[in-house]
Amino acid sequence: MNKIRLLRVSLWLILTIIFIRLVQFQVIEHRYLLQKATYNFLKEYKIHAPRGKIYDRNGILLASWKPAFRIMAIPKFLKDEDYKTLQELLGDLPINPDTLKNKGNYVEIKGNLPYEETIKLLEKSINIKSIVIDADPVRVYTPYGKYAAHLIGYVSEASKEEIKRFNLDPGDFIGKAGVERSFDSLLRGQDGARFIALDSRGNVVSLNPRPPEEPAEGEEIFLTIDIKLQALLDSLFEKYPRGAAFGMNIKTGEVIIFYSKPYFNPESLITRWTNYVSDKEKPLLNRVLQGLYPPGSTFKLITTLVGLYTGTLKENTVYYCPGGFTFGNRTWLCWRTEGHGSLNLIEAIAQSCNVYFNNVGARIGTNKFIETLDSFNLPEKTGIDLIGEYTVLIPTSKLLKNRLLLPSSVINWSIGQGEIQVTPAWMALVTGLIAGNGKCPEPIVRKGDKPKYLYLNLPQKYFEIVKDGMRMVVESPQGTAGYLYDPSFKIAGKTGTAQNPHGKEHSWFTCFFPYDDPTYVLTVVVENAGHGSEAAAPIAINVAKRMMNEEK
């Protein structure tokens, strides 16, 4: 082959290869390469949906949102000196740069930026590639919101586990407690997207190369609580540092009152988190659903039902109270050290005689008491539509499993002491079962939801006896809350003074009203405030009157 022919063959071979590659790029892989080029050119970032607003039952706004500035960047285009500049401008970065270095799309570097800080960023960050500053919705709470902070809850940046579990991105916020957590999927809404055009070196070349996908705001939620009643409660709790109150409509299941003190400011939670966690008053503890207290004498309502069911107790059963009850080598003192004398059941409930119920417990016996409560099948939680409720501890075989029990254990249980620990919400539910003759809805906090019902299958006569005793607590001059009696308002309740090893007794009062047509239950606990008649009862009756007056 001469040189000219060899040159021609080589030329044709090169042209053939070029032609094949052109066909490959322009025809066969056209769609793939176009997408890849577009992907490298356009970068997407999330536009967070505004969280849905939260209102009380009367339409008073409790939680809303407002626009705030945020800074976004593509980590893989950021150099070490860029992080250093950002840190100087923003202070501590809320995210770890090392975990973001391989991220090829926009992530939030810091949100909720003040206007002045944002202006500085705009001036200083001009040389940082790919950076974008825009507005983003953030959660805000109205001044009323503080009175129901534990019910409303709060939002915070999603953890690694939450990002994985709920398919979120770094910088996304999620409900962490209360309604914000329990109804997060409704409140969060549908996020949108915005697109930025970059060159191959990560420089922004266009802020709006294609129309954004607009976010959809989260659903509005109307709660069942009355926030003005919460504010009233707060004023009545002024001289007490800790406590809780829970009230509900036992015909609808709607929670009207959900109050826990001390409370926190959801908006300052991030900046004051360390202070809240280390605060000895435990402001982050939701005392309504997570505060476990010995119920004291309010538990005598259950002891009465156990006594009636086992046949140990009749309405006309009389015991004598000399001021103390001896069982084995130990004597339990009545709260009235000089004794109550002879009492029947109604009088014993009204005057909250410890010795009377010690006698009832001793005659039932520890094992029979447990066996009877097993048959009652009382709930371990109220079943409220909120996440995070604690299980109570009452004398059932399941809940007392592996605990050392003695024949004398029932002496403590009969007056609400010993192992027993319940939440204010649980005691309100039991009060509702009594007021409703064995029927009560599980509490709900979202208006419009339909509750499930709980049942306590006992003869109606038993409930009538207990209710009559509760009525006399308030109406009898000897009743423990008799000094609060108002003939214009028929209410039935039970005081409780719960001993605790860490200080002064906890003050309890649980009640239902109006007596002739039980519609509401209300339970109040005031920590370390002494007798139930002195702290909890006046608060509860004051609020109950307001509730009934507002219905007129």
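Two strands count as paired if DSSP finds at least two bridges between them. With that in mind, strand S19 is joined to strand S20 by a hairpin of two linking residues. The model is predicted. This briefing covers an open five-stranded sheet, the helices H9 and H14, the loop residue Phe 77, and a structure with zero disulfides.

**The five-stranded sheet**

- The strand order is S12-S11-S21-S20-S19, the pairing is antiparallel, and the sheet is open.
- Strand S12 (255-261) and strand S19 (492-500) form the edges, and each of them pairs on one side only.
- On average, neighbouring strands of this sheet are turned by 10° against each other, direction ignored.
- Helix H9 (residues 227-236) lies across S12 and strand S11 (243-249), and runs at about 35° to S12.

**Strand S20 and its two partners**

- S20 spans residues 503-513 and pairs with S19 in the antiparallel sense over eight bridges.
- Within this pair, Gly 496 stands opposite Trp 508 of S20.
- Thr 495 has Phe 509 of S20 as its bridge partner.
- Strand S21 (residues 520-526) also runs antiparallel to S20, and seven bridges join the two.
- Here Ser 507 has Val 526 of S21 as its bridge partner.
- The hairpin from S20 to S21 passes through six residues, whereas the hairpin from S19 to S20 uses two.
- S20 is mostly covered, with eight of its eleven residues buried.

**Helix H14**

- Helix H14 takes in residues 354-364 and is mostly covered: nine of its eleven residues are buried.
- Its buried residues are Asn 354, Val 355, Tyr 356, Phe 357, Asn 358, Asn 359, Val 360, Gly 361 and Ile 364.

**Cysteines without a bond**

- The structure holds zero disulfides.
- Cys 321 is in no disulfide, and its nearest cysteine sulfur is that of Cys 353, 3.6 Å away.
- Cys 321 counts as buried, at 2% relative accessibility.

**Phe 77 in its loop**

- Where does Phe 77 sit? Its place is in the loop between strand S3 (61-73) and helix H3 (80-90).
- Is Phe 77 buried or exposed? Its relative accessible area is 18%, and the cut-off for buried is under 20%, so Phe 77 is buried.
- Leaving aside neighbours within four places in sequence, Phe 77 is in contact with Asp 82, Lys 129, Ser 130, Leu 198, Ser 200, Arg 201 and Gly 202.
- Phe 77 and Asn 203 are 126 residues apart in sequence, yet their C-alpha atoms are 8.9 Å apart in space.

Technical notes. Residues are numbered from 1 along each chain as its sequence is written. This is a predicted model: local features need pLDDT of at least 70, side-chain atom pairs count only at pLDDT 80 or more; totals for chains, interfaces and linings use all residues. Side-chain values use heavy atoms; hydrogens and water are left out. A disulfide is a pair of cysteine sulfur atoms within 2.5 Å. Buried means under 20% relative accessible area, exposed over 50%, partly exposed in between (1.4 Å probe, protein chains only). Helices (H or I, at least four residues) and strands (E, at least two) are DSSP runs, numbered from the N terminus. Axes are lines fitted to C-alpha atoms, for helices over the stretch in contact, and angles run from 0 to 180 degrees between N-to-C directions. Contact means heavy atoms within 4.5 Å.
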